[in-house]
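Dear colleague,

Please find the structure below, handed over for your records.

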Amino acid sequence: MTTAKRPPNVIALKPLLEMAERRRYANGSFSPRYTPMIAPVLQAAEEMKSPLIVQISEKELHRYGITPEQFGEEFYAQMDELRITVPVTLHLDHTKSLSTIAAAIEAGFTSVMIDASEKRLQDNIAATKEIVTYAHARGVSVEAELGMIGTTDFVETDTDEELYTDPGEAEIFVKATKVDALAVSCGTAHGVYMVRQPKIDYERLRAIRALTPVHLVLHGGSGVPAEMIRQAIALPGGGVSKVNIATDLEIALLQALGREERMTNAECLALPPDRLAAGRAAVKRVVGDKIEHFLGSKGLALPLPQ
């Protein structure tokens, strides 16, 4: 999709996060995972008058049987059909390959994440710089990861290994890469918290913020108590301005459908209309609740920058 055809309220990640830091809220980065669930995510944000990020990761694309083109096509179709007016970013989450990032940008994604966090610092910097150069030339924001964020279900990441972000390395990394947003490892994890419990190392976040002005991203937002998130948002000098939420949406969908196992995107598309409607309603409720009680972004869809 060319920039000329893109709706003016579909914007890059950086200005969306700048607005969040000024107003002390966080943008919810919601992963519908299935293309039929893009619509309820957008509807909830429109009704709440909240800025929004719609995302999907490289592993989710493979796991659910979706291409970047299919996801982007459905996103823009629903933006038009639902007449969405709030600022929205279409974001590609955890991704390892330039080919997937290039395909997403071609499909109209306005933000991408290069995840080279398993590499040594200098190798992570080199991989991230390559993507920053490529994406920035096309008007697309870039998120990266430093440290390693653990997982409990391996849908978004390959390992449950966890390595907290070092503030000094964060300063070096951001200066070298010119990345727009930084996902930090500070105690949260992808997936469902069962044995381990969520926690946030606020002192680490403060130390990172003291050394770099980069916008901070918290992955693994599903299942984290709202008061923890609100404290992370409200840190002096600007706290977390993007929170990823995926698992809570899928849990709500599957519960509404009365099933435990995940589907493919094709299976979701084949659901009877009444079941699909029930699933969409459940997802919409979760997104609305997160916007109002978790992220503090209700009513804060600001005028777009001129």
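The second largest cavity has a volume of about 30 Å³. A cavity here is a set of points, on a 1 Å grid over the protein atoms alone, where a 1.4 Å probe fits but cannot get out, and lining residues have an atom within 4 Å of a point. Grid points are joined across faces, edges and corners, and the volume is the space filled by probe spheres set on the points. The search of the whole structure returned 2 cavities of 30 Å³ or more.

Please note that the model is predicted: local features need pLDDT of at least 70, side-chain atom pairs count only at pLDDT 80 or more, and totals for chains, interfaces and linings use all residues. Residues are numbered from 1 along each chain as its sequence is written, and side-chain values use heavy atoms, with hydrogens and water left out.

The lining of the second largest cavity consists of Ala20, Glu21, Arg24, Tyr25, Ile233, Gly238, Gly239, Val240 and Ser241. Helix α1 (13-23) and strand β10 each contribute at least two residues to this lining; helices (H or I, at least four residues) and strands (E, at least two) are DSSP runs, numbered from the N terminus. By class, the lining has 4 nonpolar, 3 polar and 2 charged residues, where Ala, Val, Leu, Ile, Met, Phe, Trp, Tyr, Cys and Pro count as nonpolar, Asp, Glu, Lys and Arg as charged, and the others, Gly among them, as polar.

As to the chain overall, its secondary structure comes to 12 helices and 10 strands. Of its 306 residues, 58% are buried, that is, under 20% relative accessible area with a 1.4 Å probe and protein chains only. Among contacts (heavy atoms within 4.5 Å) with a separation of 6 or more, 76% are between residues 24 or more positions apart.

Helix α10 (residues 247-257) is largely enclosed by the rest of the structure, because 8 of its 11 residues are buried. These are Thr247, Asp248, Leu249, Glu250, Ala252, Leu253, Leu254 and Leu257. The buried residues of α10 pack against β1 (27-30), α2 (38-48), α3 (58-64), β10 (240-245) and α12 (273-295). Gly258, with a positive phi near 70°, follows α10.

Gln55 lies in strand β2 (residues 52-56) and counts as buried because its relative accessibility is 0%. Leaving aside residues up to four places away in sequence, Gln55 touches Ser29, Phe30, Ser31, Pro32, Phe71, His91, Asp93, Lys242 and Asn244. The C-alpha atoms of Gln55 and Asp93 are separated by 6.1 Å, although the two residues are 38 apart along the chain. With Asn244, Gln55 makes a side-chain polar contact of 3.5 Å.

Finally, the structure holds 3 aromatic pairs. The rings of Tyr34 and Tyr64 form an edge-to-face pair, because their centres are 4.9 Å apart and their planes are at 75°. Tyr34, in the loop between β1 and α2, and Tyr64, in helix α3, are 30 residues apart, and the pair links distant parts of the chain. Both Tyr34 and Tyr64 are buried. Another edge-to-face pair is formed by Phe75 and Tyr76, at 4.9 Å centre to centre and 85° between the planes. Phe75 counts as buried at 0% relative accessibility, as does Tyr76 at 8%.

Yours sincerely

Conventions:
Buried means under 20% relative accessible area, exposed over 50%, partly exposed in between (1.4 Å probe, protein chains only). A polar contact is a pair of N or O atoms within 3.5 Å; within protein, one must be able to donate a hydrogen and the other to accept it, and residues adjacent in sequence count only if both atoms are side-chain atoms. On a 1 Å grid over the protein atoms alone, a cavity is a set of points where a 1.4 Å probe fits but cannot get out, and a pocket is an open set with protein on both sides within 12 Å along at least five of seven lines; lining residues have an atom within 4 Å of a point. Rings of Phe, Tyr and Trp (its six-membered ring) pair if their centres lie within 6.5 Å; planes under 30 degrees apart count as stacked, over 60 as edge-to-face and the rest as tilted.
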